[in-house]
Amino acid sequence: MPVFARSHVRSAHLKLANVVRVAELVLTTVGESSRYLSLIFVGDRRMRSLNKRFRDRDKTTDVLAFATCDARIPAGGSTKSSSLGDVVISFPAAMRQARDHHRRPDEEIVSLLVHGILHLCGYDHERNQSEARRMRRRERMILAQLGRVPGLIGPLKR
């Protein structure tokens, strides 16, 4: 289950090895441990640009997920060892939300990672209220299984 992670954020030192371990645990939990995942951390400007280009929404957002194949293919299908997709997380948005929700920044990043991976697995909270509840339940279950994660962020750079 290779997870490829990179950061385009200069204001913080992300501990990418720890981020990769958490992403691998999430992939195992959702039954996608043999799929590839690309994880990218960006700033608000890049996230706004991606959101505008791919969703026609001219504002930043916290997380975007880009599936590389149909998430509804049953387990054991021909794409089982292929890429699941890309998850893009806005580091500044994650820090703002952590502050607003009174959570540790690491917890917010893990929450956004889980949210993005669930989107890649076919969950879509924007479809309807029932799907939104289903996705929230799954997120809570995964986060509870993960428990406290190792530090993901080093000292913030000024």
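User: What makes a set of residues count as the largest nonpolar core here, and which residues have the most contacts inside it?

Analyst: A nonpolar core is a set of buried Ala, Val, Leu, Ile, Met, Phe, Trp, Tyr and Cys residues joined through side-chain atoms within 4.5 Å, where buried means under 20% relative accessible area with a 1.4 Å probe and protein chains only. The largest such core has 37 residues, and Ile109 and Ile117 have the most contacts inside it. This is a predicted model, in which local features need pLDDT of at least 70, side-chain atom pairs count only at pLDDT 80 or more, and totals for chains, interfaces and linings use all residues. Side-chain values use heavy atoms, without hydrogens and water, and residues are numbered from 1 along each chain as its sequence is written.

User: Which element supplies the largest share of this core?

Analyst: The largest share, 8 residues, comes from H4, a helix that spans residues 105-120; helices are DSSP runs of H or I with at least four residues, numbered from the N terminus.

User: Which residues is Ile117 in contact with, leaving aside its neighbours within four places in sequence?

Analyst: With contact meaning heavy atoms within 4.5 Å, the partners of Ile117 include Ala23, Val26, Leu37 and Val87.

User: Why are H1 and H5 called oblique to each other?

Analyst: The axes of H1 (residues 16-29) and H5 (residues 129-146) cross at roughly 125°. Angles under 35 degrees count as roughly parallel, over 145 as roughly antiparallel, 65 to 115 as roughly perpendicular and the rest as oblique, and H1 and H5 are therefore oblique.

Methods
Axes fitted to C-alpha atoms, helices over the stretch in contact; angles between N-to-C directions. Helix = DSSP H or I, 4+ residues; strand = E, 2+ residues; numbered from the N terminus. Buried < 20%, exposed > 50% of the residue type's maximum accessible area, 1.4 Å probe, protein only.
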